[in-house]
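Subject: Structure handover

Hi,

Here is the structure I promised to pass on. Please open it alongside the notes that follow.

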Amino acid sequence: MTALVEVKGLDKAFGGVHAVENVSFSVDAGQVYSVIGPNGAGKTTLFNLITGLYTPTGGEIRLNGETTNDLEPNQLAERGMCRTFQQMQICMNMTAIENVMLGRHLKLKSSLFTTLFRLPGLLRDEKSARQRAADLMEYVGCGDYLETEASAMSYGALKRLEIARALAADPKVILLDEPAAGLNAVETAALEQLIRRIADEGTTVMLVEHDMKLVMGISDHLLVLNYGRVLAEGTPSEIRNNPDVIAAYLGG
Amino acid sequence: MFSEFLQFLFTGVTIGATYALIALGFTLIYNASHVINFAQGEFLMIGGMATVSFMALGLPMPLAITLAVLLSGLMGVLLQRFAIAPAKKADVVTLIIITIGASIFIRGLAQLLWGKQYHVVPNFSSDEPIRILGAVMNTQSLWVLGIGTVVVVALVLFFTRTMIGKAILATSMNKQASRLVGIKTQFVLMLAFLVSALLGGIAGVVVAPITFTSYDIGIMLGLKGFVAAAIGGLGSGVGAVVGGLCLGIVEAMAAGYLSSDYKDAVAFSMILLVLFFMPRGLFGAKVVERV
Amino acid sequence: MFDQFMKVRLRGMIVLAIIVVVIPLFLTNPFQYDLATQILIVGGAVVGLNLLVGFAGQISLGHAGFFGLGAYFTGIMTGTYGWPAVPTLLLGAAVVGAIAWIVGRPILRLKGHYLSMATLAVGFIIAIIINNESQLTGGPDGMPVPALDLFGWELSSFGLYSFFGIEFDGYELWYFFAGLMLLLAVWLAQNLIDSPIGRGLRAVHGSEVAARVVGVDTAKYKSLVFVISAVYASITGSLYAHFQGFITPAVAGFDFSIILITMVVLGGMGSTYGVILGAAVLTLLPQVLADFQELEMVMFGLILMLTMIFMPKGLLPTLGSMAGKRFAKKTGGQP
């Protein structure tokens, strides 16, 4: 099996500060791969690098064998990578379903002419996009909010909405940045099920998460970061028994 | 040949120093509140026009000037209190429109008070120009440069040596944190508008004997100050000074060697050119997007 | 409630059409028709500008430049060179669109105030060129523009026309023609907003990061909407030139740029019908205030300031939500 996401010797410095330093790992297709570590360990920076929001200062990132260091986020989306954010990025000036339809953007190829004169091609596209978006909202569990303004939705519902949007592009790999942050126990349990379903249906999941119970329960592999470097890498049971990790996390 | 160049340079540096003062005013308000104040030019207009009026009342020039500058400062405080502060949560564009509304309002008041005609402010000292290497320099230019330098030095001292200055800087960097350490941010914002308006008033008075003054000179001067601030990089004090001087010199050279019809076009092309290659101006801070 | 009502595509357009048809009942002389027609034409320009400002969230302080380019392209080509009006108008739009695309690419990388600065500069440069190239443009004195020639059928404010035995004055016809054009402008704008492209644009405003990670090429979209709004300005500029019969550099000037963006913000950014209301208010306000003579400027500035301070979302959205709340209270329903 070839690696879907491959990171080699990755470096990112802001000024003189190395937020990510010499990080290497690879994620196989179909895995749930989690990145954990204390606050400020460079987890979100790592995700920003992988999804093209930041440009690495060193090292290499590959998606499906292609080097993606210099690609823009939208180009990575075209190659099947989608994500959510720790600080949710929802378009509050739109309705819920429009946010998810936005996620379908790459599948909709109507020309400007077709759009301006609202020709049948556009209407067909929009109808299918709306259907798909509604299905996805049902799938993530916010099917009751279709035409609700995003600004009027609860935090938990928005979290799920963002996942639906990321799924709308039919991605190969989806990156979830702290999806459980701010959720209660019931919501977290639902989230765990959702992530499992996404993975079971063949989408690779990369996860940054603080909720250890959740992470240990669903991950196939874990990467532990500390001060921007790799502290450990392995299966949940390997990580649980790794002395460095125990020292960093528990011994402190 | 050389004397001609020197002549243009003098003109450029003089007007550039004025632009620098306006740009500093922009920068101050921008730093403290992220508002682009389109009424900045009106502070200059008030400075010049009020000096004319106070002198017409028979006040000696230094007193007239002081009062005019203070009046300008008062205008800044009023602007912050009654137009900017109530609209805290407004969009950037909305704030811009508010300052444009304020600028039209102030201009309207000025027109009521002083009419539409041009007014003349006498030179601060001798009318006899100085000759240097074949070029002629108005003594008022020396006043502009001298006072400009004094103001810049005073500002540097204000921001590095006084508690109030440091408080303004701190607020511009992080509003929330400043509030936590006990800085009254609304008060600081008002101070920023006050200092900025005082700067504008001073600039308006010193340049008035060279350019004449009327109720509507504020628009173009204000815009030039904005251009200068953007060339230098919004928010940078050094940038404002350098941007102002650059703009003044380029404009004077363009007027002298190319065509005075196109001197403004050159100024605006310059800002485009700078922004094409340096999207944050010459000295603008690079900002890392956080997500 | 009210917003929801207006958002349903055809309903809003029908309301607008009814208003356009009903207004002439209150117009008594050519001067009033002239103002009303101006509102309709400039309304088209701000509907286009609103796509850029209200939906994509990009500020332009130089849009009159494009309006003026369209007006002068039409003036010079149909007037001086005798080109036919409609092809000239379309070619002008293409040229202005191309110019907007060329300057837009580097400009739109800029953020916030740098973008407003750059658009301001572009507008100024265009205005200065129009002012100074008097050989072509007549300079500050302006230039005459021939009446609008619609494929051999001339539409002139001063003409007399007769359809099915009913007599129409030229200025009345112009009014209805401009109304039709505005409806077309609104229809196209609505189609654009309510489409994948439109969602991409609104996402640039809502969360640019979100737009990028779902695959929206934000740079391309910003250029696209900049070009579209410039084309709107150019076409309405051309119409304005034909309608007025005479143009001066003021149509491209900074003051007019500010008026255009103020119409958008005052009427309500992101509300297509709101910005048309903005156009109406800002066109009529100076007429109303003219009675106050020297107080005109003071009052204009004051009204502008107060409206923006107390209704930062703009006239129509604010009034709409107020009406919505009232309605909800009366019927006991949800707002």
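Confidence in chain C is lowest in helix H1 (residues 2–7) of chain C, with a mean pLDDT of 52. It is highest in helix H4 (residues 63–80) of chain C, at 97. pLDDT is the predictor's confidence in each residue, from 0 to 100. Helices (H or I, at least four residues) and strands (E, at least two) are DSSP runs, numbered from the N terminus. Chain C as a whole has a mean pLDDT of 91, and 95% of its residues reach 70 or more. Residues 331–335 of chain C stay under 50, and there the model has six contacts beyond four places in sequence. A contact means that the C-beta atoms of two residues, placed from the backbone, lie within 7 Å. The model scores ipTM 0.89 and pTM 0.90.

This is a predicted model: local features need pLDDT of at least 70, side-chain atom pairs count only at pLDDT 80 or more, and totals for chains, interfaces and linings use all residues. Residues are numbered from 1 along each chain as its sequence is written, while chains are lettered from A and ligands numbered from 1 in the order in which they are written.

Now the fold of chain C. It has 15 helices and six strands. Its radius of gyration (over C-alpha atoms) is 20 Å, close to the 20 Å from the globule rule for 335 residues, so chain C is as compact as a globular protein of that length. That rule is 2.2 Å times the number of residues to the power 0.38. Of the 335 residues in chain C, 55% are buried, with 20 or more other C-beta atoms within 10 Å of their own, all placed from the backbone. Among contacts in chain C between residues at least 6 apart in sequence, 74% join residues at least 24 apart.

Next, the interfaces. Nonpolar covers Ala, Val, Leu, Ile, Met, Phe, Trp, Tyr, Cys and Pro; charged covers Asp, Glu, Lys and Arg; the others, Gly among them, are polar.

The contact between chains B and C takes 36 residues from chain B and 31 residues from chain C. On the chain B side, H4(B) gives the most, with 15 residues. By class, that side has 27 nonpolar, five polar and four charged residues.

Best wishes

Conventions. A residue is buried if 20 or more other C-beta atoms lie within 10 Å of its own, exposed if 12 or fewer, and partly exposed in between; C-beta atoms are placed from the backbone.
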